[in-house]
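Me: I would like to learn how to read a few features of a model. Please give the general idea each time, then the case at hand.

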Amino acid sequence: MIDARGYACPMPVVMVQKAVKDGAPAALEVLVDNQCAVENITRYAGSQGYRVDVQAQDDEFTLRLGKEK
């Protein structure tokens, strides 16, 4: 799990890029607290072959990335 709450873009995307580059996980969960990070991570994940499920609760978002089969 990546906890990117409190970080402004582009740091949340950089954190996800590092995790994908280091291990190419089949699934990854990311916590963020701004819509810009949701959009940028979703765009990046899609370009890397991941589907993204976003759940919002109050001002926080949980992104679940799963590798497309």
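Reply: Start with accessibility: a residue is buried under 20% relative accessible area, exposed over 50%, and partly exposed in between (1.4 Å probe, protein chains only). Arg5, with a relative accessible area of 33%, is partly exposed. This is a predicted model, in which local features need pLDDT of at least 70 and side-chain atom pairs count only at pLDDT 80 or more, while totals for chains, interfaces and linings use all residues. Residues are numbered from 1 along each chain as its sequence is written, and side-chain values use heavy atoms, with hydrogens and water left out.

Me: Which residues of H1 are buried?

Reply: Helices (H or I, at least four residues) and strands (E, at least two) are DSSP runs, numbered from the N terminus. In H1 the buried residues are Pro12, Val13, Val16 and Val20. They cover an arc of only 95° around the axis, which puts them on the same side of H1; the arc is that of the directions from the helix axis to the C-beta atoms. Exposed residues Lys18, Lys21 and Asp22 are carried on the face turned away from that buried side.

Me: In what order do the strands form the sheet?

Reply: Two strands pair if DSSP finds at least two bridges between them. Here four strands form an open sheet with mixed pairing, in the order S1-S2-S4-S3. S1 and S3 are the edge strands, each pairing on one side only. S2 and S4 run antiparallel and are joined by six bridges; Val32 has Phe61 as its bridge partner in S4. S3 and S4 are also antiparallel, over eight bridges, and form a hairpin with two residues between them. In that turn Asp58 has a positive phi of about 55°.

Me: How many salt bridges does the structure hold?

Reply: Side chains of opposite charge can pair when their charged atoms come close. A salt bridge is a side-chain nitrogen of Lys or Arg within 4 Å of a carboxyl oxygen of Asp or Glu. The structure holds four. One of them joins Arg5 and Glu60 at 3.3 Å, N to O. Arg5 lies in the loop between S1 and H1 and Glu60 in strand S4, so the pair ties together parts that are 55 residues apart in sequence. Asp3 is linked with Arg5 and Glu60 in a network of salt bridges.

Me: What separates Lys18 and Asp22 in helix H1?

Reply: Lys18 and Asp22 are four residues apart in H1, or about one helical turn. Their side chains meet in a salt bridge (2.7 Å, N to O).
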